[in-house]
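I opened my notebook to record what I looked up in one protein structure.

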Amino acid sequence: QTAPRVDVDDLGQYVGKPVQVWGWLFNSRSSGRIVFLLVRDGTGLVQAVVSQRDVEGRVWDQARRLTQESSLKVTGTVRADERAPGGFELLVQDLELVHLAVDYPITPKEHGVDFLLDHRHLWLRSRRQHAILRIRSTLVGAVREFFDREGFVLVDAPILTPAAVEGTTTLFRTDYFGTPAYLSQSGQLYMEAAAMAFGRAYCFGPTFRAEHSKTRRHLMEFWMVEPEMAWAGLDDICRLAEGLVSHVVGRVLERHRPELALLERDTAPLERVRPPFPRVTYDEAIEILRKNGAAVEWGADFGGDEETILSNAFDRPVFVTHYPAHIKAFYMKPAPDRPEVVLGADLLAPEGYGEIIGGGQRIDDLELLMRRIEEHHLPKEAYEWYLDLRRYGSVPHGGFGMGIERVLAWICGLPHVRETIPFPRTLYRLYP
Ligand code: 4AD
Ligand code: MG
């Protein structure tokens, strides 16, 4: 009878029994008559111990000539061992080489970031990248779980679109059978239609911005989740955002202590992420910035440096609301008592991470929205359908967009967003 094939993370159920593990050689070392093979199978790492005394000569020779990342099938008995990575080891009986890898380019020595990004398809196999992307997978699941629980309907937004949402300077343009089309910067406008149909809706997909800047926070292609609610004001929007962020951080803490430890992430700041989050207005933010020595004028947009100062001023995520209208998008609703500011909110993550969420209440008045479209020199024809939402039962509404990569960079404590997405698209990088 052949031993069953099992996942490394299930080895605990097979102590004392023979099993097979199919995987790749992560690392190996030998000491006299013993070879230690560190095997990874995607679920975990296990040390397979080959003892010359206990195996056939063929298996012993094979074990010694295996190269890093060769694929193999190992048969052995599971033994509990506290010192072993994962807590178990395999006492090898048999070993089948599936493919002998040629010289693997990513060695345990230090490599430069460009080299690693050129080899991103292989870099994914490393422990650190593995940890980050597993957390990403949980994060995405937790986002969906939250919106399902809150009664939101998933409504997918198109990626090819005729109109800009977040300004015309960052559009990726393409040709749609002779008409110009753009890759979506945001699904928001479509979610406004969805909110009028379903009350609460969200989309979750890739979005695109031709950002001509090289920063640690910008990608050309990133994933955004965008909820939109009918009958909602700024306060409802902020409450939804803090609920979402608290939920996803909680899920990651619950499921990924080992990964966070591997990333050397101090989890204390994450434990503090509980609603309600502090809120400051743009005016108050200006004061905080000036107290911290930044020379900012009222009316200026916040760049990365300003966001860093603000986010360092609080020990948990903080909302900045009521931005000047002229630095925000055309659709933002002016404050009723003070039309030079809008009912928008950005959520800044602590520890210097800065903006992870942007959103607010939308203009629901037809005349004002038409005026804004003109003032922003947007082509009216492309927005006719959007104006219809103000012609047929317009109601106060709003929502926000949360960038998955920025949230993940913060949760994992990473210095740059490029490691938070499997295949990053940054300025000048389209490979692999
Ligand atoms: O603040 P933004 O531009 O807001 C919108 O797109 C709204 N239409 C969303 C809405 O209300 N439905 O982008 C929202 C979030 C940012 O807070 C940030 O997390 C992320 O999307 N983001 C980026 N992430 C990585 N790289 C970029 N270039 C990003 N641009 C925005
Ligand atoms: Mg923004």
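The entries below give each topic in turn.

**Basis.** I worked from a predicted model, in which local features need pLDDT of at least 70 and side-chain atom pairs count only at pLDDT 80 or more, while totals for chains, interfaces and linings use all residues. Residues are numbered from 1 along each chain as its sequence is written, chains are lettered from A and ligands numbered from 1 in the order in which they are written, and side-chain values use heavy atoms, without hydrogens and water.

**Whole chain.** I looked up the secondary structure and found 13 helices and 18 strands; helices (H or I, at least four residues) and strands (E, at least two) are DSSP runs, numbered from the N terminus. The C-alpha trace spans about 85 × 55 × 40 Å along its principal axes.

Among contacts (heavy atoms within 4.5 Å) with a separation of 6 or more, 66% join residues 24 or more positions apart.

**Largest pocket.** How much space lies in the largest pocket? I recorded about 1100 Å³, the space filled by probe spheres set on the grid points. A pocket is an open set of points on a 1 Å grid where a 1.4 Å probe fits, with protein on both sides within 12 Å along at least five of seven lines; lining residues have an atom within 4 Å of a point. Of its 41 lining residues, Glu 166, Arg 209, Glu 211, Lys 328 and Glu 355 are the closest to the centre. I saw that β17 gives the most to this lining, with 5 residues.
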